[in-house]
Amino acid sequence: MDPIQMVKGIINFNRKAFNGTFSAMMMFQEQSEKIVISWFDRNKFFPEYGNKIANEWVEACKKYQNEFKENIDKIYTTMEEIFGDLKKYKNVT
């Protein structure tokens, strides 16, 4: 088997594993958000700023999760481009 194709397969496998894990983490995060927001809404003995803090926390988590995912996707794309470019060189096969 061509070593470059093998590395590309490994990269592809890792990307799929990451995406699956990230999706599961996002589902867990969404459920946690619903629970926290619902809990603050039902428990009126907490001041309004507690609910505001919870909403800010949720938005911050979403923002940083999206940034993290974008950065990881860029890394995988760069790795694929690097190994795709190696075919141009005669002594690499």
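Before I point at anything: when I say contact, I mean heavy atoms within 4.5 Å. And a word on where this comes from: it's a predicted model, so local features need pLDDT of at least 70 and side-chain atom pairs count only at pLDDT 80 or more, while totals for chains, interfaces and linings use all residues. Residues are numbered from 1 along each chain as its sequence is written, and side-chain values use heavy atoms, with hydrogens and water left out.

Okay, alanine 54. What does alanine 54 touch, not counting residues up to four places away in sequence? Val36, Ile37 and Phe40. You'll find alanine 54 in helix α2, residues 48-85; helices here are DSSP runs of H or I, at least four residues, and strands are runs of E, at least two, numbered from the N terminus. Is alanine 54 buried or exposed? Buried, because its relative accessibility is 5%. My cut-offs, with a 1.4 Å probe and protein chains only, are under 20% relative accessible area for buried, over 50% for exposed, and partly exposed in between. Lysine 16, by the way, is 38 residues from alanine 54 in sequence and 32 Å away in space, C-alpha to C-alpha.

Next, glutamine 29, over in helix α1. That one is buried too, since its relative accessible area is 11%. Skip the neighbours within four places in sequence, and glutamine 29 is in contact with Trp57, Cys61 and Gln65.

Now the greasy part. A nonpolar core, for me, is a set of buried Ala, Val, Leu, Ile, Met, Phe, Trp, Tyr and Cys residues joined through side-chain atoms within 4.5 Å. The largest one has 6 residues: Ile11, Phe18, Phe22, Met26, Ile72 and Tyr76. Two elements give two or more residues to this core, α1 (3-42) and α2, and α1 gives the most, with 4 residues.

Look at phenylalanine 22 in there. The charged end of lysine 69 sits over the phenylalanine 22 ring, 5.9 Å from its centre. To count as that, NZ of Lys or CZ of Arg has to be within 6 Å of the ring centre and within 35 degrees of the ring normal. Ring pairs also link Phe18, Phe22, Phe68 and Tyr76 into a cluster; rings of Phe, Tyr and Trp (its six-membered ring) pair if their centres lie within 6.5 Å, with planes under 30 degrees apart called stacked, over 60 edge-to-face, and the rest tilted.

Last stop, charges. How many salt bridges does a search of the whole structure find? It finds 4, taking a side-chain nitrogen of Lys or Arg within 4 Å of a carboxyl oxygen of Asp or Glu. One of them joins glutamate 80 and arginine 15, at 3.2 Å, N to O. Arginine 15 counts as buried because its relative accessible area is 17%, whereas glutamate 80 is partly exposed at 30%.

Lysine 69 comes back here as well: aspartate 73 forms a salt bridge with lysine 69, closest N and O atoms 3.0 Å apart. Both lie in α2, 4 residues apart, about one turn of the helix.
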